[in-house]
Amino acid sequence: MAENIVKNFGSFKALNKVSLEVPKGSIFGLLGPNGAGKTTFIRIINQITMPDEGQVYFDGKPLAPNDVHFIGYLPEERGLYKRMKIGEQALYLAQLKGLSKQDAKMKLKFWFEKFEITPWWNKKVEELSKGMAQKLQFIITVLHEPKLLIFDEPFSGFDPINANLIKDEIINLKNQGASIIFSTHRMESVEELCEYIALIHKANKVLDGKLIDIKKQYKTNTFEVGLSTADKSALKMELKERFDVSPASFKSLDDDLKLNIRLAKDHTSSDLIKYLNSKSSITHYKEVIPSVNDIFIQTVNRNS
Amino acid sequence: MNKLKLIIQREFLAKVRNRTFIVMTFLSPILMIGMIALVALLTKSSIEKTSTVAFVDDSGLFHGDDFGKDKSIVFEDLTEIGLEKAKIIVKESSHEGLLYIPSKQDLDEIAYNIQFFSEESPSMITISTLESLLDKKLENEKMKQLGIDLVKLEKSKVNIDIRMSNFSGIKSSKLINGIKIGIGMGAGYLIMMFIIIYGAMVMRSVIEEKTSRIIEVIISSVKPFQLMLGKIFGTALAGLTQFVVWGLLMALIFIGSSYFFGVDLNNSGVGMQQMGAEQMNQLAQNETQLLFDELMNLPLISTFVFFILYFLLGYLLYSSLYAAIGAAVDNETDTQQFMLPIMLPLMLGVYIGFATVINDPHGTIATVFSMIPFTSPIVMLMRIPFGVPWWQILISLTLLLLTFLGIVWIAAKVYRVGILMYGKKISYKELMKWVRY
């Protein structure tokens, strides 16, 4: 949990009294445009930088230097010692995180086998392919079984198969009890993985909370419908008079009338279904749930 | 503490396992000694090369045996052929040249009109040998003319050999100074080379971590200061290892080759060339004994201790600067602007050492520069074989220590900020800002 973090770099205000709480054992999405202050925030949690004002709490207690052993960090800019052998390097980094050598070796073997890179133990990093190096870096991040994991753009550079592998691992880790902060621009991954999100824009926190709740907030009570009817334009005109109607585009096999119908607050979905049924036959009916992408864009635009 | 050890270990191994490092460690001494031997051999052979000089003596003053004494020049008497024909002959032949002594009334006029003809410029040695030969001969002739008895003149010559000793009666020999200078120079030069080579290694290591971005991961586990120190110590250890290996190898090769080549260590005496053979033996006997005593008396142990101290502090001081520079830039080319300011004090120290310490080890310039922290490791070390009062050493060391602490503090701040900063143009103003963060 971070309270009222303020960080300035000279005259540039990077974080303006940002407060966030990451619930234990959850996956928390940290979003924001480039330069908003996300990386600065992450660095403060990792004790790479110190805040000018404010306090960070870890597991209820103020953040202490020793806590680096319980935090794992996968930075956006990846890199390892190119000319060092990967087995040795992973051991070194794990020991820096507080693991004993034997412990680290055991865990490393386990992960290497899981990701199928065991035969590369004695190779140098520069001999690996990019995807393998990324996998290696992921392993290094999670090896010491940290309580808090911070992933900055974890999927960048992975092909779809490996990206899936990583995604499954992240879910696994969460299920094993880790708390995960996840910073990315890939909104689909946020949709899939995050329970909570926060959005930082121009050094301020502008959005925070459970994803579902936020979506409900941004819900516009719009429904995407596909209607099969003889006279499309007539039906369209009629609907237009009663509701806020706009064209929709979704993929279907029929050549139906596709519309987005926005209801007023007091109208319910069942009412709409009944009405539409009376006028035509419904082939497609779906509530438009705001995507994180839309929420992001709306929020940023609103706060600019 | 544990982490510091880990870092030092990794840095050390990374340097020592490098192929270039291993090659350089084992190859350098061999190369260096090889070069020295080669140069010695070549010099020797060129010194022993003789050249032939033809001469035409119209003055009638010079006889055959006047020209027989010098070993490096063989003389051919062409007086009977006459100057013009001699010129033609010598031009075509392999003689170094033709010496012409004209016939004149006055000895001075003869001296003034002696000529040397040669196709190419003659060597300085030949000309100076000829000059001293002719000089001596003409001088003797002049003295005859003036009526000076040569035998009496010879007897009047005195041979002065001043014996030196300090106030407590401990004698010192001439040669010991040469050795003292040698040790001092060697130590000072060694420190400078070590600082430059290994300091640069530290810098490159920092830059590598920045460009490969591994730094982002590492500083989420350790404090920047630990990393910086670990790097400096690890590199230092690697350097020391290399030095030790060099020392051993050199000693082995030196001992080995002096059996093989029969390198005559006695022949390289300074200033021995002017004396006659007899005198040289006499001198050698006295001096060698003195020399030996004195070598034993040299404050070798304390010199060694001070060497280590100054070496350590000097290296730590400079390598933290190198680390800070590495952190401030994005790639190696950008380091150029900082290289000169760092090397200047070092080079200054060495130059001052060569220039003033030889002549005036306790003079103002030498003393002052053995106190200034950036030059003191080198200059003070050059002074120590000559004996420096303990209070001076104390002041110098204290200053060095304090400056070192200050510099490390500043360097650590620059390092801490710099390792995460990319793309910014680095000026001294910028660096000052970082120190204030």
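How many residues of chain B are in contact with chain A? In this predicted model, the contact involves 14 residues of chain B and 18 residues of chain A.

**View 1. The side of chain B that touches chain A.** Two elements of chain B, helix H1 (2-16) and helix H8 (214-218), each give two or more residues to this side. H1(B) provides the largest share, with 4 residues. Sorted by class, the side of chain B that touches chain A consists of 6 nonpolar, 3 polar and 5 charged residues.

**View 2. The open sheet of chain B.** Strands of a sheet pair through backbone hydrogen bonds, either parallel or antiparallel. Here 4 strands lie in the order E2-E1-E3-E4 (chain B), with mixed pairing. From one strand to the next, the twist averages 30°.

**View 3. Strands E3 and E4 of chain B.** Strand E3 (residues 97-101) of chain B pairs with E4(B) in the antiparallel sense, over 3 bridges. Within E4(B), B:Gln115 is the bridge partner of B:Tyr100.

**View 4. Helix H3 of chain B on the sheet.** Helix H3 (residues 83-92) of chain B packs on the sheet and touches strand E1 (51-57), E3 and E4 of chain B. The direction of this helix makes about 165° with that of E3(B).

**View 5. The two assigned domains of chain A.** Domain 1 covers 2-216 and domain 2 covers 220-288 in the domain assignment of chain A. Taken over C-alpha atoms, the centres of domain 1 and domain 2 of chain A are separated by 44 Å.

Methods
Residues numbered from 1 in each chain as written. Chains lettered and ligands numbered in written order. Predicted model: local features only at pLDDT ≥ 70, side-chain atom pairs only at ≥ 80, totals over all residues. Contact = placed C-beta atoms within 7 Å. Nonpolar A, V, L, I, M, F, W, Y, C, P; charged D, E, K, R; others polar. Domains from an automatic or database assignment. Pairing = 2+ DSSP bridges. Axes fitted to C-alpha atoms, helices over the stretch in contact; angles between N-to-C directions.
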